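Dear colleague,

I am handing over the structure below, and after it I set out what was found in it. Please keep the sequence and the 3D view open while you read.

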Amino acid sequence: MTLEEAYDRYAAALYRHALVLTRRGADAEDAVQSAFVKLASRLRAKAEIDDLEPYLHVAVRGEALRILGRRRRSPSEARIVAPVNGASFEEAEAVDAALAALPEEQREVVLLHVYEELTFRRIGELLGISPDTAASRYRYAKEKLKELLGGD
Amino acid sequence: MEIEDHLRRFRLASPPARLRRAVLAEAKPWRPWHLAAAAAVLLLCSAMNALSEARLHRLLASGGEPALEASQASQTAGHIVVSVPPSIRAESLISLRRAMEVDGR
């Protein structure tokens with residue numbers, strides 16, 4: 001697979017992953033760019049990568065957390081969700097605030113499960129955790145979101 | 001409403017188009033031959049410059065007749081040559097030499 005093909009296939013999900021972690025568009029772009037630069041050098045060196053998707057998610061996640069650690073004290077101001085399906089901007093703000101209230105590791109599992117529609121097994125592979133850990137993080141996140149947003 | 005259904009009423013942002021361009025541009029392999037080609041062109045230019053300067057210096061030092069050489073070349077090529085009196089050629093050469101001395105400083 002060429003770099004262009006890899007970008008076209010995975011970049012959108014990687015960007016969302018980085019955005020959910022950093023909650024800032026520019027930082028998400030930096031994280032994605034850094035991951036693809038790493039991939040490009042691996043491809044040039046003809047290094048074997050068994051499964052590209054987890055490789056890229058791990059790279060993006062690492063870079064996003066590094067960026068996050070660097071600016072831990074400065075507040076995030078980006079909106080990460082936008083309304084569709086008849087939802088209002090006020091509701092989007094509430095969802096945004098609720099997602100922001102979750103720890104990063106729960107937030108990313110919510111993204112990967114709800115928005116990217118991945119199974120807990122696959123989430124485990126992408127994040128280097130067991131499927132049970134992924135499911136448990138999701139369960140905690142769901143409880144917290146229910147608390148904050150209401151719902152069943 | 002289930003929390004998942006509620007969350008799906010919102011979408012997450014997509015990467016901007018400029019990110020693709022930036023990623024593909026930055027990830028381009030570094031090609032040393034680009035630099036080598038540019039260096040070769042620069043080297044050629046400076047060699048040609050040095051050669052023409054040396055030729056001019058030789059002509060000035062010998063008090064030579066560049067106009068004569070030029071007129072001979074032009075006649076060979078079938079051009080019409082307007083002859084310039086030697087005194088004017090000498091004056092031009094002297095002013096050129098002065099100009100080059102000023103530049104050399």
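In chain A, residues 24 or more positions apart account for 65% of the contacts with a separation of 6 or more, where two residues are in contact if their C-beta atoms, placed from the backbone, lie within 7 Å. Please bear in mind that this is a predicted model, in which local features need pLDDT of at least 70 and side-chain atom pairs count only at pLDDT 80 or more, whereas totals for chains, interfaces and linings use all residues. Residues are numbered from 1 along each chain as its sequence is written, while chains are lettered from A and ligands numbered from 1 in the order in which they are written.

Chain A has seven helices and one strand, in the order α-α-α-β-α-α-α-α from the N terminus; helices (H or I, at least four residues) and strands (E, at least two) are DSSP runs, numbered from the N terminus. Of its 152 residues, 39% count as buried, which is to say that 20 or more other C-beta atoms lie within 10 Å of the residue's own, while 12 or fewer make a residue exposed and anything in between partly exposed, with C-beta atoms placed from the backbone. Chain B has five helices and one strand, running α-β-α-α-α-α, and buried residues make up 8% of its 105 residues.

Two loop residues of chain A deserve a look. R23(A), in the loop between α1 (3–22) and α2 (25–44), has a positive phi near 60° although it is not a glycine, and R23(A) is buried, with 22 other C-beta atoms within 10 Å. K46(A), in the loop between α2 and α3 (52–70) of chain A, is likewise not a glycine and has a positive phi of about 55°, but K46(A) counts as exposed because it has 6 C-beta neighbours inside 10 Å.

Where the chains meet, 22 residues of chain B are in contact with 33 residues of chain A. On the chain B side, α1 (3–7), β1 (10–12) and α2 (17–26) each give two or more residues, and α2(B) gives the most, with six. That side has 13 nonpolar, two polar and seven charged residues, where Ala, Val, Leu, Ile, Met, Phe, Trp, Tyr, Cys and Pro count as nonpolar, Asp, Glu, Lys and Arg as charged, and the others, Gly among them, as polar.

Finally, β1 (residues 81–83) of chain A and β1(B) run antiparallel and are joined by three bridges, two strands being paired if DSSP finds at least two bridges between them. Within this pairing, V81(A) has L12(B) as its bridge partner.

Best wishes
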